[in-house]
Amino acid sequence: MKYMTYFYVAIDILLVVYACYSWYWQAKVDFRGRYRISSVVWALIFIWLGFTWNYIEKGDPGLSVFLALFILISIVDGFSGFSKKRMVVSGYFKRTVKYDDLASVTLIQIPNQEKPLVMAIFRTSDGKAYMMRFYKIGESIRENACKVRNARLCFFISSLVSKCECFISSSKAATIFWLNFLS
């Protein structure tokens, strides 16, 4: 039982460090994407499965602190957007992406009757992809991407929006635009 106490203390310290790191980058976001609620839903599912399958016992010391930190991290990790130095993405294993690592971006205008919705898929030079959603139109995303004062991101999104005048028009079907940065 003594080892479990040390285990929870070590895990709690790691979770506090990660929560501070994640909270720092979430506070640096200048242009916010849509909140990703799935990070909270998945955390609650994992906690429920842990109790259901008896991987987590109610009497474990330090359990309440562990669960509180796990839920806090899940809430904070749902935020994404653009900061001045990096793109802040939703996820547990990779929180930020340097703008220099971007290889391509795909903007997809999704037809939505209530609010304009644009999905952006960012691919990096090492083959990974990160998705963000915005309640903005293409021109607004371009303006806000340029406000974060990152020349690379501003150029890429400006190139997409300026080449495609139909991007800001409302249509029944999804409109997809893609730009490869490496060529």
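**View 1. Helices H1 and H3 lie roughly parallel to each other.** In this predicted model, H1 (residues 2-27) and H3 (residues 63-76) pack at an angle of about 20°, their axes 9 Å apart, so they count as roughly parallel (angles under 35 degrees). Axes here are lines fitted to C-alpha atoms over the stretch in contact, and angles run from 0 to 180 degrees between N-to-C directions. Helices are DSSP runs of H or I with at least four residues, strands are runs of E with at least two, and both are numbered from the N terminus.

**View 2. Here is the contact of H1 with H3.** Contact means heavy atoms within 4.5 Å. Among the residues taking part are Tyr8, Ile11 and Trp23 of H1, together with Phe66, Leu69 and Val76 of H3. By class, this contact has 15 nonpolar, two polar and one charged residues (nonpolar: Ala, Val, Leu, Ile, Met, Phe, Trp, Tyr, Cys and Pro; charged: Asp, Glu, Lys and Arg; polar: the others, Gly among them).

**View 3. Four strands form an open antiparallel sheet.** Their order is E1-E2-E3-E4, where two strands pair if DSSP finds at least two bridges between them. E1 (31-32) and E4 (96-98) stand at the edges with a single partner strand each, so one side of each has no neighbour in the sheet.

**View 4. Strand E3 meets E4.** E3 (residues 86-88) pairs with E4 in the antiparallel sense over three bridges. Look for Met87, whose bridge partner in E4 is Val97.

**Notes.** Residues are numbered from 1 along each chain as its sequence is written. Local features need pLDDT of at least 70, side-chain atom pairs count only at pLDDT 80 or more, totals for chains, interfaces and linings use all residues, and side-chain values use heavy atoms, leaving out hydrogens and water.

Terms used. Parallel < 35°, antiparallel > 145°, perpendicular 65-115°, else oblique.
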